[in-house]
Amino acid sequence: MAVVSMKKLHLCAMKHDRKAVLETLQSLGVVEICLDEVEDENFKKMNTVTPRNQLDKHVQNTDNALEILEKYVPEKKGLLASLEGKKDVAKASMDEVIEKHHAYNRTVYKILDIEHGINTCEANIAKSEVAIESLTPWIDMDIPINTVSTKYTKVFIGSLPPEYDEGAVYALIAERAPEVDSADVHIISRDKDQSCIVAVCLDKDADDMHDALRSGGFTRIATYSRKTPKEKIEQHKSFIVKDKEKIENLTKKLEKYDSDRDTLKLLSDYYTIRSEKYRVLGELLQTENTFMITGFIPEDKAESVEKRLNDNFNLYLEMTDVSDKDKVPVLLKNKSLFASAEGVLESFGLPGKGELDPTAPMSICYIILFGLMLSDAAYGLIVFIACLVLLKKFPKMGDALKKSISLFMYCGLSTLFWGVLFGGYFGDAISVITRVFFGKEVVVKPVWFAPLDNPMKMLLVSLAIGLVHLFFGLILKGVKCIKDKDFIGLISDVVSWLLLIAGLIMMLMPTSLFASIAGAQINFSEGLKTASYVITIAGALIILVMSGRDHKNPALRLALGLYDLYGLTSWLSDLLSYSRLLALGLATGVIAQVVNQMGSMLGASVPGVIVFILVFIIGHVFNMAINLLGAYVHTCRLQYVEFFGKFYEGGGERFTPFKEETKYVTVKKNIKL
Amino acid sequence: MTMGTVYALLGAALAVILSGMGSAYGVGIAGQAASGVVSEDPSKFAKVLIMQLLPGTQGIYGLLVGFIALSKIGVLNGEPAQLSTSTGLLFLAACLPIAIVGLVSGRNQGKTSVSAIGIVAKKPDQFGKAMLFPAMVETYAILALLVSILAVQGVPV
């Protein structure tokens, strides 16, 4: 349970070493380099935009090539392949790729070219298909498409609006161009969009004829060819066949590159690593002959890094303690169970300056509350086993994913525990199955009590757990006060509230209100009652006097104290918020019961059993999914709002070391720190 | 069948209907926003799906209360109790908190989810915080659920 303490690293070295130094730091991957240094007349930054763009383009091309391979020659993958994580690769094979990266880059371009070829063919096919479609209405015309005249006649090939049949065309000609004689009109085809016609007339009538047809909406055929429509269609069809053949050949060519896939992944990662190096290089301050690096490094790594750099390079290196002005990045270090909740903490915010790392206490609370909300032994067991199998089967999955899955594994165990206490196994599945199908009801008694039979008791349990959770948060605040040696703060902000709340609860317990909720009257002795008043008043007085202790003006100080006392209402609402433990726990149980009841409606017959199994599986999977989501969201809320509200602010920056950030592979290192 | 049983059944029906409407609306608009995000960046599917489902709980709470009420009335085992009018009205009143609050909070949680999906679209790493805003709205549905459950359980049949 700790925030790793950091050292500040200052480095100054000769300029000709800069790439080597950076590469060493990058492969060590434990230094976060400050990138926001300001230039002045002596220290300038170097422009690395051009090489970076070049490398980024290489990365993009390589990734494209990989995508193309994936599209045409898919890799065989399991359903859960995304959990597999990055492959480990020996350093030697990476070195080989680095050495021959020009050659491999040519492979990339070859793949891109092939894809370009495929795309061109596909575009041609689409074009041919459109041409065929537009020529199909003309297929019965047996003269070349570009026929415009014969020796004595003019020929009009084109389309009119769909309402024109042969008679209508003749009527049109007769009306608009009465002087035209011996016109000949053929309808090739008619559909809902157009009427395809061929009209012939004598040379001398051509203009009149044209005008007449145009007034009816005539447009000449758009295709130009010396072939008849039928021949043209055949030609396009043969084009399509050829293009398809081409695509097939090209795809076959791509298949040959299947074996290059792994190399290309290495290549892409290599370019990514180099691009990152150039990015950092561009942010470093450099003089004519030297360059500077400032950064942060975890304290435990400082010595070995110092030694390694001094051994290999001629440079000046200093490790200093971080000062208050530095914005120190945060790196968490926790033991396995606690570490699993780091993701939950990170999505709220890492510890800010001077704050303790609350991961360990939070992880315990998280697991307990999660189990309480899901609270079904069977669901818990399923979640536990599923997570365990995933963890065992995919040991190389990403770090963050691994942590959340192991968190859910622990949550599954906790769910199992609470489920046994409250007697939920797929809701009331056991008693339903035994009653309906075996005729003799077997009831598995809850180890503690069934919340559905006694919701008031469960409500009290929920609120009690909430109170413990909130006090725990307050105590953590006290721990921080002790660590900072702020004992006045400890008394006035922590102890006072503990006294006040504890006193109030002690006052509440013997009352009839509490008795009606708990169902049992608790009697306190007179001494205890007096004690409760004393404790409450003491707590309230401390808050009243001490809350505004930063202000000199006594009136203002008291007013602030009063306002802080009003904060009691927020305690009330925080506490009531824990009633969601009851609500969500009941939701799981009741929906499970509904599922069981629905499934068993057909009774003990063959179809009844089949329906039961179907409803059971679908219903419980649904219920589990929706309640897992609910438990996850509301546990987070209880941690973030109620628990953290008492002591934790967050706002720290995450430690992001300069390292070999890769997409596909992890290069195994022979360097050990 | 007495009038009381009718009122009680009406209460159970309202709990399911109104809170279901609220959730349907909330999940609906959140789903539209989520589709927009996924069309730009399919990798955010899981995150926005969670956001979309957040306003779905009101409907479940309504179902919960409706189910408890039905089982208390005895409709589920086929022998509905002959309730007096006042007992029936008690059931109806007991169902109202989750019915009405479920409707309103479901709608509003849906709108908050839409905004939270906007956060996820722009800053995926702020998922935890984004999730909190819709979860805040849910608090009131939970409080209403609590009162409804306690009241339904407490009505003497």
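Biologist: What is the mean pLDDT of chain B, and how many of its residues reach 70 or more?

Modeller: The mean is 91 for chain B, with 100% of its residues at 70 or more; pLDDT is the predictor's confidence in each residue, from 0 to 100. This is a predicted model, in which local features need pLDDT of at least 70, side-chain atom pairs count only at pLDDT 80 or more, and totals for chains, interfaces and linings use all residues. Residues are numbered from 1 along each chain as its sequence is written, while chains are lettered from A and ligands numbered from 1 in the order in which they are written. The model's scores are ipTM 0.82 and pTM 0.82.

Biologist: Why are α12(A) and α14(A) called oblique to each other?

Modeller: Their axes, lines fitted to C-alpha atoms over the stretch in contact, with angles from 0 to 180 degrees between N-to-C directions, cross at roughly 55° and come within 7 Å. Under 35 degrees counts as roughly parallel, over 145 as roughly antiparallel, 65 to 115 as roughly perpendicular and the rest as oblique, so the pair is oblique.

Biologist: Which residues of α12(A) make the contact?

Modeller: Among them are Ile367(A) and Phe370(A), with Tyr410(A) and Trp418(A) among those of α14(A); contact means C-beta atoms, placed from the backbone, within 7 Å.

Biologist: How many residues does the contact take from chain B and from chain A?

Modeller: It takes 23 from chain B and 24 from chain A. On the side of chain B that touches chain A, α5(B) gives the largest share, 13 residues.

Definitions and conventions. Helices (H or I, at least four residues) and strands (E, at least two) are DSSP runs, numbered from the N terminus. Two residues are in contact if their C-beta atoms, placed from the backbone, lie within 7 Å.
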